[in-house]
Amino acid sequence: MKKFTTYIFLLFLTSMAFAQSGVETQRRYLSGHGCDDMVQWDFYCTGGSNAGKWTKIGVPSCWELQGFGTYQYGMKFYGKPHPEGIADEKGIYKYEFNLPANWTGKQVMLVFEAAMTDAEVTINGRKAGTVHQGGFYRFAYDVSDRVFFGNKKNRLEVTVSKESANEQVNMAERRADYWNFGGIIRPVFMVAKPALNISRVAINAGMNGQFVADCYLNRAVEGAKVKTTIQDAGGKTVAESVTDARGSDMARVDLDVKAPKLWTAETPNLYTAVFELTDKDGRVLHRERSKFGFRTIEVRPHDGVYVNGVKVMFKGVNRHSFRPESGRTLSKAKNIEDVNLIKSMNMNAVRLSHYPADPEFLEACDSLGLYVLDELSGWHWAHETIVGQKLVEEMVTRDVNHPSIVFWDNGNEGGFNYELEPEFAKWDIQKRTVIYPWENRNGLETKHYRSYGETEEYMREPEIFMPTEFLHGLYDGGHGAGLADYWKMMRSNPRCAGGFLWDFADEGVKRVDMGGVIDNVGNYAADGIVGPHHEKEGSYYTIKEVWSPLVVDCQQMGTDSKGNITIPVENRYDFLNLNTCKLSYRYLSMPKMGDDKIITIKEDALKTIDVAPGKSGVITIPAAGVGYDVLQISAADKWGNEIFTWSIRNQKGCADAICMQQSKSKAKYTENKDLLNVEVGGRTYSFSKSNGEIKGVKIGDRNISLADGPRFIAARRADRSFDQFYNHDDKEAESKKTQYTLYKDQGTFDKFDVSDKDGMPVLTAKYKTGSLDSVCWTFNDKGDVKVCAAYNFGGVVDLMGVMFDYPESKVKSKSWVGDGPYRVWQNRLQGPQYGYWHNEYNDPIPGESFTYPEFKGYFADVDWMQITTTEGKINIKNLYPDKNYIGVYQPRDGRDHILYTLPESGISVLRVIPAVRNKVNCTDLNGPSAQPYWAGGNYKADFILRFE
């Protein structure tokens, strides 16, 4: 009997579950969910590639990436509503599908997440509704009376016009600094709800636990009530209520949750609200769900931006929805990938430039933790009011419940329609502040691309300063270059709310019409911190270090009474204690010259440290016990993601025992008309008798072509006067701001001196009346030669040191112990860390090829470097790594040379290296670390060479 009763009960539950299933919202995709699972539709393109024939296309997609139409970048047509040569093809789509028989009697909506730019839709030969204009917005049609159910097929036809019939839409969305695509770029799906349903929900959940929601019904329901249940992340109910519908078509839910876990970018705690619409008999008509977070955003005038009562600074980036192979069509996985990559740079915010992103991107920001600026499209021109009102409604009603969204942006850089501002509040129950990127309005000054000095001036103004674009990147310039200076200044100002770098990734598109090359349109789209396929450039690591929420003060390392190492740390989290971080350390012995073996002497986890947000503390690391070359400290967040790894060089150590051995040797000196030859240690060194410089080295019959050095090199930016400032006396100065002028060394070679020191032969080249004073060569029988170059200089320089020539065509690779693997600039020293590094020769063209790290450039804190060539190996031991950089040729700019044209510096030992500019500002406008160096006095470059 008991078994039978149980069976009847289970049967009852099953029947109830079946009955209740009809109250859920159901969704059926007609397209793929994104670029990873496109569905083939019939397609006809009216112009450009593959035009004039019916074929197939994957949906969703940008049709250019599928081989149709015309690739076009907006800037060519900037400011022109009806330009000649604009790509204005149309795409005609057809698709047949079935709908479930049990959808009969439901409200059925046809939903497009986005189509570019005008979309005209028919279903079974009938218009679905009015033509939709605006390329980045979700739009929907009620097609309940236009569709068939069961076995009878439905026919969907869509005509998408790449150019809008509304010229103001074109001006706002199509004449901008980004690619113009056409197509159904985001998914298409059908939504079925019960005939009487909740049409939409708007939630406002504050830090105090008060939960308010407006539940709008699609039509009045007699005696309607809404039951609301709040569930935590584990599905546990934490609060519930039942609310009468006001006027039978809207219910205002108001309830309290005790001590909720608050949402912030550091603590992305989410809850789920379940809404059940019931009729007068208590029968459930419809059930809807929405994720949300408890949090309160405040803009306190003349003070700052507060999240849950705590002032925050946005460490943000501007982000386009983009991939080279699919354009603006992404997928859930790719959106999550973007959020993870942004957070991996220790950023906490993102601006959606310059349009609303996929809903999956916002969901990832909610669940992983990023503050979001959600933006209405508009770039220097705005949407007219009638179209703009509809687009604001579509954007806000879609996105209103995302806790990650802290501001709405009403256009960009002058693309503002002020008549639209009230529309945001009309649809936003939270009444979030509307900002205007590049304008001072509503308490926030957001001006873009101010120089360092101008930024200081803006922060003296009473409004909150939050540049929504700054440090405009290009190639290897901008982004990290100058960020440490800017961030120090911004953090010190009480009215600064942080800022947003321009921008996240190169917007290089795969040209299927050009054999698959990645096209960045010259310098237009090559603005990213990472490459088009998210290749990490040097600035990625600079940003990661500068914006680390855990700051390790390596310069203040000390020891306690037990010999343990102590290092001050600072907690720059806004909400998290450092006891949520996982810390570890490693003592390492670095490889000797030519070796690649790293030895771990000691490693372990560190005890957690209790340091509250905004406070400082000390980490204690057990003594190494034996000598070490580098101490590495790694930090991971509460989820195990790396925050940063700091490498601290042991200044007392020596990563290579090549330090010149006192090995007695005898040298044989021979000479001819032009050369003085020194034979020692199995090598023959040849020196010019006219200028004292080395002309080459022979090992047996093998020649190594290191030559013409060390010679003095110094340069200043060509538009500077001799007093550092812009040279107003030079009428061509403006055209020279990316060029560098070499100082001419007026010195002359005097003579060679031959001597002996501790049993080792010494050759000294002496100079007079110039910058190079002397070069002393000390040889031992191990094949090592110590070079001591003494020079003097007085004046303003952007580059200074000594150099050699070596044919770049013969170089194969380099290995080194020092900071790496990325090169540095004078205003971008952060990021690279001390260790052993190796990379093969590469010579990428910025904006066109994306091999990182770059082989050429300036490298910091180098103990030794081995350059492998087709002739042999050239080893350099830097005897003053804390003062001199090692230069490996000169960084390469893009073909347009917008950033720099640096002097050829071969293989060099440099006391001064250049700063790098960004796309907007020259180096001297980028802060203290970018300023030229005032040389004055005597300098030396001491290093050891070994040729193998």
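Cys 788 is partly exposed, with a relative accessible area of 22% (buried means under 20%, exposed over 50% and partly exposed in between, with a 1.4 Å probe and protein chains only). The model is a predicted one, in which local features need pLDDT of at least 70 and side-chain atom pairs count only at pLDDT 80 or more, while totals for chains, interfaces and linings use all residues. Residues are numbered from 1 along each chain as its sequence is written, and side-chain values use heavy atoms, with hydrogens and water left out.

A cavity here is a set of points, on a 1 Å grid over the protein atoms alone, where a 1.4 Å probe fits but cannot get out; lining residues have an atom within 4 Å of a point. Points are joined across faces, edges and corners, and volume is the space filled by probe spheres set on them.

The largest cavity comes in at about 170 Å³. Its lining runs to 19 residues, with Arg 823, Pro 844, Pro 846, Glu 854 and Arg 892 nearest the centre. By class, that lining splits into eight nonpolar, three polar and eight charged residues (Ala, Val, Leu, Ile, Met, Phe, Trp, Tyr, Cys and Pro count as nonpolar, Asp, Glu, Lys and Arg as charged, and the others, Gly among them, as polar).

The second largest cavity has a volume of about 70 Å³. Among the residues lining this second cavity are Arg 319, His 320, Phe 504 and Asp 506.

Notes:
On a 1 Å grid over the protein atoms alone, a cavity is a set of points where a 1.4 Å probe fits but cannot get out, and a pocket is an open set with protein on both sides within 12 Å along at least five of seven lines; lining residues have an atom within 4 Å of a point.
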